[in-house]
Amino acid sequence: MEKKNYQLMLDRELEKIVTSGAVPRLLLHSCCAPCSSYVIEYLTEFFEMTVFYFNPNIYPEEEFYKRIDEQCRFIDRIPVKHPIHFIGSDYRSEEFYAAVKGHEGDPEGGERCKICYRLRLEETARLAAREGFDYFTTTLSISPHKNAEWLNSIGAELTSEYKVPWLFSDFKKRNGFKRSTELCREYCIYRQDYCGCVFSKAESERRRGNTQINEG
């Protein structure tokens with residue numbers, strides 16, 4: 001099967017929006033401020049955005065709230081063309097652990113991550129439908145470690161169920177990830193060293209330990 005060009009699909013959708021003269025409302029699921037940085041800078045030209053922070057996978061609880069605070073701080077500081085709003089959530093880690101039960105031993109980037117994507121994107125789609133947004137999407141694809149094919153496939157499935165258009169994207173393209181690192185330096189954004197869940201934290205700590213052993 002030919003691999004889809006999600007950046008080209010995004011380009012075409014943005015071109016239609018510009019031609020229409022409309023400013024649609026976009027519900028943007030954000031995993032963290034660093035990943036949202038370039039995405040917000042990029043999409044503010046086209047949308048009135050609401051950033052939705054729903055990440056029950058984050059561990060520990062203090063990290064969850066630290067990332068919320070950093071997200072809000074960034075939103076308050078970055079210049080935007082169209083209004084940007086924020087919706088947070090409570091710490092609901094039990095939903096993550098229930099969803100991934102039986103997949104605790106999966107490798108990073110495996111089936112457990114796909115389940116986690118769906119959990120977060122479905123909550124986003126549900127909110128987008130309830131509040132009448134024109135589109136929904138996520139910042140997750142900006143990471144080189146996230147599977148854009150999975151994310152966009154899940155988004156398309158949720159569009160069928162919730163009747164809100166998914167904004168196809170692969171934000172790591174066109175140096176999106178590189179630009180996000182530049183914005184993090186510019187705005188002094190806290191960059192975590194693991195994806196978010198207890199399993200990715202353990203993996204990050206294991207890698208650091210191996211690096212220290214090898215360097216020693």
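**Reading the pocket, the helices and the loops**

Guide: The largest pocket holds about 630 Å³ of space. This is a predicted model, where local features need pLDDT of at least 70, side-chain atom pairs count only at pLDDT 80 or more, and totals for chains, interfaces and linings use all residues. Residues are numbered from 1 along each chain as its sequence is written, and side-chain values use heavy atoms, with hydrogens and water left out.

Visitor: How is a pocket found, and which residues are closest to the centre of the largest pocket?

Guide: Rolling a probe the size of a water molecule over the atoms shows where empty space is left. A pocket is an open set of points on a 1 Å grid over the protein atoms alone, where a 1.4 Å probe fits, with protein on both sides within 12 Å along at least five of seven lines; lining residues have an atom within 4 Å of a point. Volume is the space filled by probe spheres set on the points, which are joined across faces, edges and corners. Here, 31 residues line the largest pocket, and S143, H145, K146, Y194 and C195 are the closest to its centre.

Visitor: Which helix gives the largest share of that lining?

Guide: Helices are DSSP runs (H or I, at least four residues), strands likewise (E, at least two), numbered from the N terminus. The largest share, five residues, comes from α5. Helices α2, α5 (111-131), α7 and α8 (198-215) each supply at least two residues.

Visitor: At what angle do α2 and α7 pack?

Guide: Axes are lines fitted to C-alpha atoms, for helices over the stretch in contact, and angles run from 0 to 180 degrees between N-to-C directions. Helix α2 (residues 33-43) and helix α7 (residues 176-187) meet at about 105°, with axes 8 Å apart. That makes α2 roughly perpendicular (65 to 115 degrees) to α7.

Visitor: Where are the loop features?

Guide: The peptide bond from Y59 to P60 is cis, with omega near -5°. P60 sits in the loop between β2 (48-52) and α3 (61-77). K163 has a positive phi of about 65°, although K163 is not a glycine. K163 lies in the loop between α6 (148-162) and α7.

Notes. Parallel < 35°, antiparallel > 145°, perpendicular 65-115°, else oblique.
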